[in-house]
Amino acid sequence: MMQEKNWGTNAINTWCPGCGNFAILNSIKSVLKSLVADNILAENIVLVSGIGCGAKIVDYINANSVYSIHGRVLPVAEGIKLANPQMKVIGLAGDGDTYGEGMEHLVFAAKRNIDITMIVHNNRVYGLTTGQYTPTSPLGYKGRSTPQGSKETPINPLEIMLASGASFISRGTSTTMELLKKLMREAIMHKGFALVDILQVCVTFFNMYEYYNKNVYELAGHDPADYGKAMQRIREWNYSNTDAKIPLGVFYKKEIPTFEEYYLHLGKETERSQKIHKILENTI
Ligand code: SF4
């Protein structure tokens, strides 16, 4: 009998006790296990991380992985995908990494619809460097670089992703693991650029356990193929700390040709992309 793969490593975990990253680690390990059980070869999966507390996740997973530099997870991931389109390429990085330094790469990856999954540990703070504000910190956030409170309103990364052309957009939290596993798996299996934004609790510099537990709810009866409705649902919460409820789930999902399909066919349309273009012509 073949021995089951052990996804753990011997690396000493340096996250703070109670950090939301533990839930993300356990969820992704469980999803990887399920992919292999479904006959996806472990050697055809690669994780790419950046720099930050969340990025350390690849130290704790026994899988092919690459540490890239801050803000550059996606260019590295895209290079891997184009060199070997068979690979399931999964990016894992924090909000500062992805929505700050990495924003231009995120927009282009979405616009290209390259078949990569980007999992964002969005704790809305730079944790590794001890608590500076990020693009998703709320107005008034008090940290190392904003002791009087941030004077800026946060960005809504899901809105930017929808406007940029991402074909799968979702949000989970580190407090709802079953949903998180479902979203990660669906994102990885989606053919095209997929974003999983995870509201990850940083217990040390921005403890939002109570706030998220009180305000999150799971989308029901939402049609993720409807662009207008997706934008409406995405705009229900703008990453500020108001009493607005926070929807979780898949906001948008559409099958459109991927970058590597165009790239590998050197501009020639495949039968599949012709079919999809026809559908798009009739829906946009
Ligand atoms: Fe987690 Fe925050 Fe500690 Fe970093 S600083 S390990 S994000 S709790």
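Visitor: Where is the place of Leu 128?

Guide: Leu 128 sits in the loop between strand E4 (116-122) and helix H5 (157-164), where helices (H or I, at least four residues) and strands (E, at least two) are DSSP runs, numbered from the N terminus. This is a predicted model, in which local features need pLDDT of at least 70 and side-chain atom pairs count only at pLDDT 80 or more, while totals for chains, interfaces and linings use all residues. Residues are numbered from 1 along each chain as its sequence is written, and side-chain values use heavy atoms, with hydrogens and water left out.

Visitor: Why does Leu 128 count as partly exposed?

Guide: Buried means under 20% relative accessible area, exposed means over 50%, and partly exposed is in between, with a 1.4 Å probe and protein chains only. Leu 128 has 46% relative accessibility, and therefore counts as partly exposed.

Visitor: Why is Cys 19 called buried, and what makes Cys 202 buried?

Guide: Cys 19 counts as buried because its relative accessibility is 11%, and Cys 202 is buried because its relative accessible area is 8%, the limit for this word being under 20%.

Visitor: Which residues are around the ligand?

Guide: Cys 19 and Cys 202 are both among them, together with Trp 15, Cys 16, Cys 53, Asn 123, Gly 127, Gln 200, Val 203, Thr 204 and Phe 205; a residue is near a molecule if one of its heavy atoms lies within 4 Å of it.

Visitor: How many disulfides does the structure hold?

Guide: The structure holds zero disulfides, a disulfide being a pair of cysteine sulfur atoms within 2.5 Å.

Visitor: What is the phi of Asn 39, and what is that of Tyr 239?

Guide: Phi of Asn 39 is near 70°, a positive value in a residue other than glycine, and phi of Tyr 239 is likewise positive, near 70°. Most residues other than glycine have a negative phi.

Visitor: Why is Asn 39 called exposed, and why is Tyr 239 called buried?

Guide: Asn 39, in the loop between helix H1 (21-37) and strand E1 (45-49), has a relative accessible area of 69% and is therefore exposed. Tyr 239, in the loop between helix H8 (227-234) and strand E8 (246-253), has a relative accessible area of 0% and is therefore buried.

Visitor: What makes Asp 243 count as exposed?

Guide: Asp 243, which is also found in the loop between H8 and E8, has 61% relative accessibility, so Asp 243 counts as exposed.
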